Amino acid sequence: MPTLLDLSAAPLGAALVEGGVTFRVWAPHADRVSVVGEFNDWSDQANPMEKLDGGQWAAFVEGAEAGQRYRFLLATPWGELSRIDPYAREVTNSVGDSVVHDPSFDWQDDRFRLADRNRLVIYELHVGTFHRADKDEVGSFDEAADKLDYLQWLGVNAIEVMPTAEFAGDLSWGYNPAHLFAVESGYGGPRALKRFVREAHRRGIGVIMDVVYNHLGPSDLDLWQFDGWSENGKGGVYFYNDHRSSTPWGDTRPDYGRGEVRQFLFDNAMMWIEEYHMDGLRYDMTLYMRSIHGDDATAIPEGWTLAQWINREVRSRYPHKVTIAEDLRTNDAITKPEKWGGANFHAQWDERFVHPIRSVLLQVDDAHRSMAEVREALTYRYNHDAFERVVYTESHDEVANGKARVPTEIDAEAPSSWHARKRSTLGLALALTAPGVPMLFQGQEFLRVGWFQDTRPLDWRRADTQQGTLRLARDLIGLRLDRDGFSGGLTGQRIEVLHVNDSDKVIAYRRWDDGGPGDDVLCVANFSARRFDDYRLGVPTAGAWRLRCNSDAAWYTPDGETGGPGPIEVGDFATQDHPYDGQQQSALVTLPPYTMLIYSQD
């Protein structure tokens, strides 16, 4: 049996050791603590815990084993309290019991390494709705894994999974975590998540976990007044107990200034990376970690330093993993290094792309589409690094909360119309050719309509009716990742907007890394419903330019589509010695309506 000294080194939570299990919990205001469970017939006398320094309690239970349910029973001045283990890796459900978890797992020599950010295409998915075998049952990790071959075919090389920490009930977006260390039981629990990650890695796809540290719960929250103590009717030892507790989601902001709570959140971040082989973390709305009300006047400095600490350690221990912030305040400091006062994130979701581009796409009248806004969205960057931003036209937030999928926003009555399809795919093409880390939201590649709901699974039958759009998404992703060796510039930092025609709603830009054949990429986007023949553009390099993608091509068009002019054939071009757009060479091209053309040289 371990000695007291051994117990002082036991990890927080439950840990399997030879002959039994060690248990440890932080409950500084408790008078006595016992661990009760299936191993002792839930007796509050069988296994009292030793009090250690710093309000910690620990015990060794001989004969306890993996799979057994347990709780902590706290005797406090405020009464007897029964609590789920804050560090439990597994729970029966959000209001059930902790489960002793066996962390062993056959990773099958998993040595996956995430692609560099300039060669990353992210696919955001929600496990509960992504793929349901039974439309009346919540989706699971195993069911999501059934679609990994599809995602590999599509070409994405990273999945961003919406939060999977145990939440109240089975239907949720996941942004209401009740138990941070436990994997959602409704999705299959911890072993199912590990299988999902392993199988994604086998297919060359990384997994980034969405984590929520700006608030907890607020429902089914055993951490609330965990050991009975609180002030001002607030949440007790894990939370701020003054005005700093206030968030848009309830009075449950963790106390980032308390050492044990900082360690709790740090340990959680490391758990996802170390125990689940995650390739990165995406933090939910960091704005409310670093401030009370989303403004500089109510800053929370210790929230900022917590993010710095976690990100510093991720960079140091795991240099090929990434941390991504959702902050949405165009703040360079989010992705600056700590030595320059930054928060150490690798990248952040970019409001300077998604909001202007959606606005341009959703305008009813072509005359109101601003090419200046498109130019600014394409060229914006943080700290002179294009890949410190994630660019997208759809995310879980952008297609809910009063907003909808781009096709539905364009034409709510007929979201499968020609106008809706053409402008939606033009937006997708912009995200996949702009400097930055592109991201798709589940179903966007086959023009999912309506809005995101955790009760409404993806209808995969729509993928069958949108084979052309699926092929376009796949081809654009292949170009973005330079899979065929002739679009290397799309992986580079550089962009030059060569042509801006706000009257005709045309913009053209060059993307490149080193420049030259196989690297230089010319993108031409027509944001109007007009067709242009013999449209002159300045071209950076003389010679023959090959058409790599015409988003208006017949093979991208659904059979029997009405409402538009039909596919328009476009070909390669050769430059002319005709200076234009500040370039020594130019060319005449055909521009189909609402279309992206992508060219490069052999």
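Predicted model: local features only at pLDDT ≥ 70, side-chain atom pairs only at ≥ 80, totals over all residues.
When I say that two residues are in contact, I mean that they have heavy atoms within 4.5 Å of each other. Leaving aside its neighbours within four places in sequence, Leu151 is in contact with Tyr123, Leu125, Phe130, Val156, Ile159 and Ile205.

The largest nonpolar core has 136 residues, and Leu151 is listed with Phe23, Tyr213, Trp272 and Phe527 as having the most contacts inside it. Helix α6, which covers residues 259–274, supplies the largest share of this core, namely nine residues. Apart from this core lies another one, of 18 residues, which includes Val524, Tyr535, Phe573 and Ala587. As general background, nonpolar side chains in soluble globular proteins tend to be buried together.

Let me stay with Phe527 for a moment. Where does Phe527 lie? Its place is the loop between β21, residues 521–526, and β22, residues 532–539. Phe527 has a relative accessible area of 1%, and since anything under 20% counts as buried, Phe527 is buried. Once neighbours within four places in sequence are set aside, the contacts of Phe527 include Val360, Leu361, Met371, Val374, Leu426 and Leu430, and also Lys505 and Tyr594.

Several helices come up from here on, and I will take them in pairs, starting with α9 and α12. Helix α9 spans residues 351–362 and helix α12 spans residues 418–433, and their axes come within 10 Å and cross at roughly 155°. Angles over 145 degrees count as roughly antiparallel, so α9 and α12 are roughly antiparallel to each other. The crossing in which α9 passes α12 is right-handed. On the α9 side the contact involves Phe353, Ile357, Leu361 and Leu362, and these meet Arg423, Gly427, Leu430 and Ala431 in α12. Sorted by class, the contact of α9 with α12 has six nonpolar residues, one polar and one charged.

Helix α9 also packs against helix α10, residues 371–379, and here the axes come within 9 Å and cross at roughly 155°. What does this angle say about the directions of α9 and α10? The two helices are therefore roughly antiparallel to each other. The crossing of α9 and α10 is left-handed. The residues making this contact are Arg352, Phe353, Pro356, Ile357, Ser359 and Val360 of α9, together with Met371, Glu373, Val374 and Ala377 of α10. By class, the contact of α9 with α10 has seven nonpolar, one polar and two charged residues.

The axes of α12 and α14 come within 10 Å and cross at roughly 15°, and that makes α12 roughly parallel to α14. The crossing of α12 past α14 is right-handed. From α12 the contact draws on Arg421, Thr425, Leu428, Ala429 and Leu432, and from α14 on Thr469, Leu472, Ala473, Leu476, Ile477 and Arg480. These residues divide into seven nonpolar, two polar and two charged.

Moving to a strand, Tyr509 lies in β20 and is buried, with a relative accessible area of 0%. Not counting residues up to four places away in sequence, Tyr509 touches a group that includes Leu378, Leu430, Thr433, Val497, Cys523 and Met596. The C-alpha atoms of Tyr509 and Asn241, 268 residues apart along the chain, are separated by 53 Å.

The peptide bond from Gly217 to Pro218 is cis, with omega near 15°, and Pro218 sits in the loop between β13, residues 206–211, and α6. Asp482 is not a glycine, yet it has a positive phi of about 55°; Asp482 is placed in the loop between α14 and β19, and at 17% relative accessibility it counts as buried. Lys505, which we met as a contact of Phe527, has a positive phi of about 65° although it is not a glycine either.

Note on methods:
Residues numbered from 1 in each chain as written. Heavy atoms only, no water. Core = buried A, V, L, I, M, F, W, Y, C linked by side-chain atoms within 4.5 Å. Buried < 20%, exposed > 50% of the residue type's maximum accessible area, 1.4 Å probe, protein only. Helix = DSSP H or I, 4+ residues; strand = E, 2+ residues; numbered from the N terminus. Axes fitted to C-alpha atoms, helices over the stretch in contact; angles between N-to-C directions. Parallel < 35°, antiparallel > 145°, perpendicular 65-115°, else oblique. Left-handed = near helix turned anticlockwise from the far one by under 90°. Nonpolar A, V, L, I, M, F, W, Y, C, P; charged D, E, K, R; others polar.
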